[in-house]
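Dear colleague,

Please find below the structure for your use.

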Amino acid sequence: MTLRQVYQKGKVLLEKAGIETPAFDAACLFQKVFGLDRQQLIIHGTETAADSKADAYWMLCEKRAKGRPLQYILGEWPFMDFTLRVGDGVLVPREETELLVYTVAEHIKSAGLARADLQGADLCGGSGAVALGLSSLLPRLKLFCAEFYEQAFYYLEENVRLLENKAVCPVRLDVLSPEAALPVSRLDLVVSNPPYVAASEIAGLQREVQQEPYTALDGGEDGLLFYRAIARRWIPQVRPGGIVAVEIGEGQAQAVMKLFHDAGVRALEVYKDFNGLDRVVIGTVENGVSSSG
């Protein structure tokens, strides 16, 4: 069979399985096995495909057809202008989360906080997407990236290592624990993309999402469990004038803003993602509210 025929067979398999983007997914899997992107496939499409590679490609297509996340099959996924290693046990980085990173970076710059001794914490760090994204935009920012679960922490450390980032420090830490402590007691920034799906809604998510770690999705009974912990435990560690920012789920903006306002965060704003949904809540800690950590 030709390379084009091999690709087409995989694409049809994904189409029949009801995959939303069969051509895109098939092209990604094809490139993983054959090392050819779409443009190269067009150029070399009439060449004969090696049987072993064709079989390997179709095997990956079958995994995708059964609902395994494309990102897990590929073993990596782009975020902003870099690539992150991902796999079982870690949340897949999403384009919506880039809004959190860019919003925080702009607020830090506009507040005049982009100094050499700036330090912050990324809570529920997962693959390290948020921390590494911020570090790429604010190279002088030192970030403690907190992740509790072993599999996710593996990918966090691996991504920090592969990107040779010296400013992001992985920390094994349970954000919900009253005893949890960072190596520093005072912060200029707390940022987080925490689990925010209400427990009762997880079963209704896409089958691919349900293969991501439950612990990275489950935000408790109402989806606000981690925001309460951030307001109670972590906002008091932010210096007056420091920034607090989180990613949120649909319909959570007002509840999260109230939690943060009650914790002393002011100038609260909500930013919408490219789908027009509330996605980021950000604000500044009021003078005289933070306690010494």
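Tyr 7, Phe 30, Phe 34 and Tyr 57 form a single aromatic cluster. Rings of Phe, Tyr and Trp (its six-membered ring) are paired if their centres lie within 6.5 Å; planes under 30 degrees apart are called stacked, over 60 edge-to-face, and the rest tilted.

Please note that this is a predicted model, in which local features need pLDDT of at least 70 and side-chain atom pairs count only at pLDDT 80 or more, while totals for chains, interfaces and linings use all residues. Residues are numbered from 1 along each chain as its sequence is written, and side-chain values use heavy atoms, with hydrogens and water left out.

Confidence. The mean pLDDT (the predictor's confidence in each residue, from 0 to 100) is 94 for the protein, and 97% of its residues reach 70 or more. Over residues 289–293, however, the pLDDT is below 50, and this stretch has 14 contacts in the model beyond near neighbours in sequence; a contact means heavy atoms within 4.5 Å.

Aromatic pairs. Eight aromatic pairs were found in a search of the whole structure. One of them is the edge-to-face pair of Phe 30 and Tyr 57, with 5.4 Å centre to centre and 85 degrees between the planes. Since Phe 30 belongs to helix 2 (residues 22–34) and Tyr 57 to helix 4 (residues 51–65), the pair ties together parts that are 27 residues apart in sequence. Helices (H or I, at least four residues) and strands (E, at least two) are DSSP runs, numbered from the N terminus. Both Phe 30 and Tyr 57 are buried, where buried means under 20% relative accessible area, exposed over 50%, and partly exposed in between (1.4 Å probe, protein chains only).

Charges over rings. The charged end of Lys 9 sits over the ring of Trp 58, 3.9 Å from its centre, and Arg 172 lies over the face of Phe 153, 5.7 Å from the ring centre. The criterion is NZ of Lys or CZ of Arg within 6 Å of the ring centre and within 35 degrees of the ring normal.

Leu 141. This residue is located in the loop between helix 7 (129–137) and strand 4 (142–147). With a relative accessibility of 1%, Leu 141 is buried. Leaving aside residues up to four places away in sequence, Leu 141 touches Leu 118, Gln 119, Gly 120, Leu 134, Ala 167 and Leu 189.

Yours sincerely
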